[in-house]
Amino acid sequence: MESSSEDLDEKLRGLKSAVDALVLEENDPGGFRIRQVAQLVREQTRREMGAAERNAARDSWSKFYRDTSSVLHGADSSIDAAGRVWEGLVAAIGQLFLALPERAERLRELALLEDPGPADVAEVAMMTDPRAGSYFFRAAVSSRWLSLLPEERLLPEATLAEFDRWPATPYLRRILAADPPLLLRWIESQWERICSLGPHAIAQTAHLLRDAGILACPLMLNVVTASKDRSVLLRVAEWAGEVDALERNRKWAQVIEEIISNREFTDHETWISSQLLRALVDTAYPGGEPRPNDGKLTNGVRYVLVAALDRQLRHPNARWEIATINDLSTVSLADGNAQFLDLLLRAVLDVAKMDAGHSIALDERMKPFSKAEITVEAVRERLMAVHLRECYHLDNEDANGPRAATWWNAAVKTATEAARLDSIWADLFDFLQHLFQVGDRDECQRVEMALEEELGHAPNEVMIDQWQDSYANHHAPLPDSWHAVRQLSPILPATFLTPWQPLLRRLEEIAGPPPSRPEPAWTVTDTPVITHGGLLSAPFAEQARTEGPTATVEALLNTPIPNSTSDPGFVYGGIIAELIAADPATWAKDPAGVAATISDVAIQISYFNGLHRAYQDKKFSTNEFRAVVNAAFSLRPADDASAGAINCSFQIVICLLLQRAWNADLDLGETAQSAITWLDHLVSDWTQPRTSTHEPIQSATASAGGNALRALIAWGLHCIRATGGELPQIVRSRLERILEAEPDDQALAIIGLCLTQLDRTSPHWSREQAEKLFLLDHEWRPAYTWLAYGTPDSRLLARLDRQRLYATICTLSRGTLERVALALINDSAPLGSVRTFLTELATRESGPAAVSAVLSRLAWMIGDPSTASPQVTHACTVWEEALGANLPPAALAGAGQYANALTIDADVWLDLTAQTLLQQPVPENARKIAERAASYPNSSTALRIVAALLDAPADLFTAGEIQRYARSLLQSADPNLAADRHLLKTALINAGHVEAAFADAKSNSCVGEA
């Protein structure tokens, strides 16, 4: 019964597969054969077929199957028809299966044809190998192909996949250079089809048109109309900026309008958008001068800028963005930090200012604003105000002339409109102030009267009382006219303000005096960083040199901190740390006196930490450091659990000082015994059963107990070195209790960190505890920590259980890989036969990756030019053993990193690399391998290496780099290496660089580079 159920499931799966295939075929008739051809092409070329190749497969293979199938099922046929089918089939087989080197000469013949015929066109149309099509277009010379080839051959792809490009681009560029109108007409005829292919195709077309200059204007207008995709607009923007200023026309300006009106583009591409604004300004006035015989374009630029501004202001954020610009006159097109809307307003003003400088009438230069629907409040008024102020001296050269009269009429009107606004910005304020400064009595009176008419009469006391009551009870807003008078009161004439004084006095009582100039909605200021609470360290540095550190610390602690909000311990500690770093020799003197002066634990930590770092850098003597350690220990905080975080930090500092002292075999005298008791007590309080700490060694070394255990071990090893005896009993007992008790992963991690030192200094104890020290059956074992963080020791590595060691290596821990790599190049061969070790490791799950990582690590270790020669030799031996071990290909990938190790003899590296590529064609670091091999043009092995890399799959960048090195090597290779040169040439051709087939031909100059 179970068998019947399985049979049914199998049949249902088969039925589903058939239905899926039928659906695919119905959606894409002939698609099954196309997919078959695509799979063959992918296997042979490692490239995907594009639309042209898929269409070729449809017109050849699918058609052959369809025609022959219809005859097989009874349709009429003839000898001529059968012959045509046979000839087409043979041609298609050649396209699909004939190697590219064998077809190179014919491809070249096709490319160099000046007058291709129908058979030639059919042959190109039938190409299913993307490499052949790419070469053809790199080399084709006849413009007739443009009208003869199928559209799919010449058009861009709809999407940009990894290996997709526009193969016809080199050919189309040559046609564009030779006959621009011809190519532009062709693109125009294909425009609807290009648009149907999507934004990527449109962007590629725009990129192609970049070389057409101003001739591309009509098409570029089509481009920006067809797609608002950012990548498309970016290509067009690049083109627009490169068109010569004197060749630009109205259509060019319209193209830019479409770009700078697009809010998404200008937000993301602000810099290039600002360059377009500068181009527009420069177009209106090239070099600041009027355009020769082309005033219409200047006028067109005015309208384009205002139209773009109008469209930008419709964005929901435009209102508040404008409100945050307090003074439009301060904006500059050169400001790299300004937002685009600011820059657009500035461009409008710049063109208007140059208009004024070249005597364009005010009405004419402001005409675009009368036709634009500026929807955001105050923009029109503020632009007008700034412009009138900026061009005052230009329009008023003749104070009694018609131009000055027009200016004052506009100024009075603008002042009236400004008074009508809800807010007064700084630029409007400056404009009104300017009017009262430069105008004569009559003109000032005109402005004053206009303001009086707009703002109305001043309120009486009753009206003011009513508003104040409403404000107090209901927060009623100030009427707009009252608010305007208050804002403008610093500049309005006294005659105007007299009736308004009662209101102004009342408002000043409520809110204080008005600002002398309107303040911006927000500001960005540089706030200075105040270090050490404003306390300077320089005076104390001088005092330390003359009076010593103890007096200096006492003076420092009695000095008030200017910034009283700063934590005193942090401030004083920071200054002391800074002083120690600058003059450690002075501050190492009298640590006991300094210690007696400091009672704040945070300051104690800074002082002793600073001295510890200075001693690490050998800035003062051993005897002085001994005094520092004793002084720190004399201040040790309580060792109970309630000591608090700050005291725990100081305990860690003291533990580190003790550890460094004993590692240096310093005799601490009477301090030592008290310190040992204190350390043991810290460890006892700290240890507890735990096996789930995320990073045991990190947690342990961040705790007082963990550092106390390290210091305790350091003292024990110091005693052995001093006396030649065994591990002191207190240390031995503590370690054994940790090893025998329920596991504490943190304490065991500390033992693992010190395992090399314990084994070397106390080998007898190490052998006694071997079962507990060197097991790898649990991650909390000391050996696990040692493998990752301990001092490397090949003898120790050899004592670990081999099978569990293999499993640990497979985790690819960097520390473990380094220890294994060091053991493999050790003279004593602690791991036994290298070949056996690598073979057994490779059999594990993830073993091949582990072997690869070990080889990669070895390559890194010998890359330093100072590496000793024996180590380099051993590393190459390991590589050689790996090659002879018949390992899986993945195990050899890391050997590619040996290309970076220039310490390896060239012949050795070439030989081993060539052997590696025979077993692993896709090594790591393929680009570097090709680069190094290409530097040996007289080596046949180098040529074979690069040829092998060309035949291996690689990402697009790496493949391109390998081809570049291959071409260089082929050009410089020894002519006597004929066979290997031919091998490299063939590989280059198969990689798509068909030009290599004609590298020695005189006529190769007409063939494009890949």
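A cavity here is a set of grid points where a 1.4 Å probe fits but cannot get out. With that in mind, welcome to a set of close-up views of a predicted model.

View 1. The structure holds 2 cavities of 30 Å³ or more. Rolling a probe the size of a water molecule over the atoms shows where empty space is left. The next two views visit these cavities in turn.

**View 2. The largest cavity and its lining.** Around this space sit Arg302, Leu305, Val306, Val348, Val351, Ala352, Asp355, Arg365, Met366, Pro368 and Phe369. The largest share, 4 residues, comes from α21. Sorted by class, the lining has 8 nonpolar residues, 3 charged ones and no polar ones.

**View 3. The second largest cavity and its lining.** Here the lining residues are Trp879, Ala895, Gly896, Tyr898, Ala899, Trp909, Thr913, Thr916, Leu917, Pro923 and Ile929. Helix α56 (residues 906-919) gives the most, with 4 residues. This lining divides into 8 nonpolar and 3 polar residues, with no charged ones.

**View 4. Helix α52 among its neighbours.** Look for residues 814-824: 8 of the 11 residues of this helix are buried, so α52 is largely enclosed by the rest of the structure. Its buried residues are Gly815, Thr816, Leu817, Arg819, Val820, Ala821, Ala823 and Leu824. Which helices do the buried residues of α52 pack against? They pack against α49 (782-789), α50 (794-799), α51 (802-809), α53 (834-842), α54 (847-861) and α55 (869-884).

**View 5. A salt bridge between arginine 403 and aspartate 395.** A search of the whole structure finds 47 salt bridges, and this view shows one of them, with the closest N and O atoms of arginine 403 and aspartate 395 lying 2.5 Å apart.

View 6. Arginine 734 forms a salt bridge with aspartate 680, and their closest N and O atoms are 2.8 Å apart. This pair links distant parts of the chain, since arginine 734 belongs to helix α44 (residues 729-740) and aspartate 680 to helix α41 (residues 671-686), 54 residues apart. Both arginine 734 and aspartate 680 are buried. In the other salt bridge, the side chains of arginine 732 and glutamate 768 meet at 2.4 Å, N to O. Arginine 732 lies in helix α44 and glutamate 768 in helix α47 (residues 763-768), so the pair ties together parts that are 36 residues apart in sequence. Arginine 732 counts as buried because its relative accessibility is 16%, under the 20% cut-off. Glutamate 768, at 41% relative accessible area, is partly exposed.

**View 7. A network of salt bridges.** The last stop brings several charged side chains into one picture. Which residues are linked in a network of salt bridges? They are Asp759, Arg760, Asp793, Arg795 and Arg799.

Definitions and conventions: Residues are numbered from 1 along each chain as its sequence is written. This is a predicted model: local features need pLDDT of at least 70, side-chain atom pairs count only at pLDDT 80 or more; totals for chains, interfaces and linings use all residues. Side-chain values use heavy atoms; hydrogens and water are left out. Buried means under 20% relative accessible area, exposed over 50%, partly exposed in between (1.4 Å probe, protein chains only). Helices (H or I, at least four residues) and strands (E, at least two) are DSSP runs, numbered from the N terminus. Contact means heavy atoms within 4.5 Å. On a 1 Å grid over the protein atoms alone, a cavity is a set of points where a 1.4 Å probe fits but cannot get out, and a pocket is an open set with protein on both sides within 12 Å along at least five of seven lines; lining residues have an atom within 4 Å of a point. Grid points are joined across faces, edges and corners, and a volume is the space filled by probe spheres set on the points. Ala, Val, Leu, Ile, Met, Phe, Trp, Tyr, Cys and Pro count as nonpolar, Asp, Glu, Lys and Arg as charged, and the others, Gly among them, as polar. A salt bridge is a side-chain nitrogen of Lys or Arg within 4 Å of a carboxyl oxygen of Asp or Glu.
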